[in-house]
Amino acid sequence: LLLGRVAAGWRSGVFSCQNAKRKVEYDWDMCYIARETAQPGFIVWCVSAEKLGQKISRLNLSVVTDLFGAGTIAWQGSTDGLVWQHISLSKEPADIPMFEGATKAFIRVQMENGESFQASQLFRQNRKLLGSERQCGFDLRVYF
């Protein structure tokens, strides 16, 4: 959500990324974010409350991922974008306590390993359900 709205397009809230691209499987009617090549890739999102003069009281996140073969996906969080800590995420919404009281929240996902770019997939969903709140592959909720 961006200020109470669903973001339009996967890059809408992205702070930085490398070797990541939206893939569409027309034969399977699926879409997801994956690496462009077999090399490692990452995406970073940043939420800042500085201009609002606020601090984050609660950050809640759920994600949908799929792994194939030896593919790996690792999630990390940071309040300054420099020092990163591992965070465990799943399809179930979870509060991430490290962001409580912070003015910024950086969330990073690293995709790597596997023989192809498709080995680690983010937010895989049926193309017919795109934009549906019933199937949101990345649900970030920030409370001030």
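Read along the sequence, the protein chain follows the pattern β-β-β-β-β-β-β-β-β-β-β-β, which amounts to 12 strands and zero helices, where helices (H or I, at least four residues) and strands (E, at least two) are DSSP runs numbered from the N terminus. The radius of gyration of this chain is 15 Å, close to the 15 Å that the globule rule gives for 144 residues, so the chain is as compact as a globular protein of that length; the radius is taken over C-alpha atoms, and the rule is 2.2 Å times the number of residues to the power 0.38.

The model is a predicted one, in which local features need pLDDT of at least 70 and side-chain atom pairs count only at pLDDT 80 or more, while totals for chains, interfaces and linings use all residues. Residues are numbered from 1 along each chain as its sequence is written, and side-chain values use heavy atoms, with hydrogens and water left out.

Along its principal axes, the C-alpha trace spans about 45 × 30 × 25 Å. Of the contacts (heavy atoms within 4.5 Å) with a separation of 6 or more, 72% are between residues 24 or more positions apart. Of the 144 residues, 38% count as buried, a word that here means under 20% relative accessible area, with exposed meaning over 50% and partly exposed in between (1.4 Å probe, protein chains only).

Two loops each hold a residue worth looking at in the backbone. Asparagine 19 is found between strand E1 (14-18) and strand E2 (20-25), and its phi is near 55°, a positive value in a residue other than glycine; at 16% relative accessibility, asparagine 19 counts as buried. Aspartate 29 lies in the loop between E2 and strand E3 (30-35), has a positive phi of about 60° although it is not a glycine, and is buried, with a relative accessible area of 18%.
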